[in-house]
Amino acid sequence: MIAWGSNSVRLIISDGTEINLASKEPGQTIVDKGVNVQLNKESLSYEENQLTKDTLYHTVEVPRGGEYHLTLSDGSQVWLNAESRLTYPAAFGASERRVRLEGEAYFEVESGKGRFVVETGDMNVRVLGTAFNVNAYKNEAATRTTLVHGKVEVMTGGDELQQVLVPGEQAIFDRESGQLEVKQVNTDFYTRWIKGQFVFRDTPLRDIMRTLARWYDFQVKFESEELKKLELSGTLDKYSDIQPLLRLFELGTDVKFEIQNKVIYVRKVK
């Protein structure tokens, strides 16, 4: 049986000290050179307007099979998906708020507190106050920003390619071609993960299995390249067993999933 993972999340503070948040009790406070970090149940938060002599950077690392929520010092909220990493100032300056993301996160940004920028390496997302999702996993073919409400500007190629998004639009930066595409999407498909569900709509099986592998922490082996391109649809409760979704995918297709320990083999029915 392959089950979803646990929240063994790490906080790395300014001097490089790594703290396993799962080992801390809710209600505890971590102090880093005058900055107070409040530990809540499965989340952490920073006090606003904390004064420090130097800019202190913290990093939250979420492993495969985990997820985490944090409230930044400006009140902005971030939901981090599995196998993701966010680096940010423990206390923001007055003019700009800049964070760096590897993986996937959903942001709800507080407005009126200076420009907010999310850096991913391939794409920078500049906002004032809004809610949006950024998917920037290194093993995906593209970086995607999906705008739920508000307004954002995405910048790629050394800030040469710029596009303003309106609610319901998604910016897709193809890493191989270097092209930026904008299209209308159902944002619910791309943000339901923060509500405990995976939603797939005509999604290549290769992408589906990569998403599931981050949460359930397994390896996947395809029998052929053809199977990777098969487009499937389905919805799965993140906190349930994976087998019902795999059985759903098998119905009406010639695909067979075989689970051996922590490896799922994707084969074609003979």
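**Exercise 1.** With which residue does Arg214 form a salt bridge, and how far apart are the closest N and O atoms? Determine also whether the two partners are buried or exposed.

*Solution.* The model is a predicted one.
Step 1: Arg214 pairs with Glu140, and the closest N and O atoms are 2.7 Å apart.
Step 2: Arg214 belongs to helix H2, whereas Glu140 sits in the loop between strand E13 (131-136) and strand E14 (142-149); this pair, 74 residues apart, links distant parts of the chain.
Step 3: Buried means under 20% relative accessible area. Arg214 has 4% and is therefore buried; Glu140 has 13%, so this residue is buried too.
Step 4: Both residues belong to a network of salt bridges whose members include Arg64, Glu83 and Asp217.

**Exercise 2.** Classify the exposure of Glu96 and Arg98, whose side chains meet in a salt bridge.

*Solution.* 
Step 1: The N to O distance of this pair is 3.1 Å.

**Exercise 3.** In what order do the 3 strands of the open sheet lie, and which helix lies across E20, E22 and E23?

*Solution.* 
Step 1: The order is E20-E23-E22, with mixed pairing.
Step 2: Strand E20 (219-222) and strand E22 (255-260) are the edge strands.
Step 3: E20 and strand E23 (residues 263-268) pair in the parallel sense over 4 bridges.
Step 4: Helix H2 (residues 205-216) lies across these strands, running at about 160° to E20.

Notes. Residues numbered from 1 in each chain as written. Predicted model: local features only at pLDDT ≥ 70, side-chain atom pairs only at ≥ 80, totals over all residues. Heavy atoms only, no water. Pairing = 2+ DSSP bridges. Helix = DSSP H or I, 4+ residues; strand = E, 2+ residues; numbered from the N terminus. Contact = heavy atoms within 4.5 Å. Axes fitted to C-alpha atoms, helices over the stretch in contact; angles between N-to-C directions. Salt bridge = Lys/Arg side-chain N within 4 Å of Asp/Glu carboxyl O. Buried < 20%, exposed > 50% of the residue type's maximum accessible area, 1.4 Å probe, protein only.
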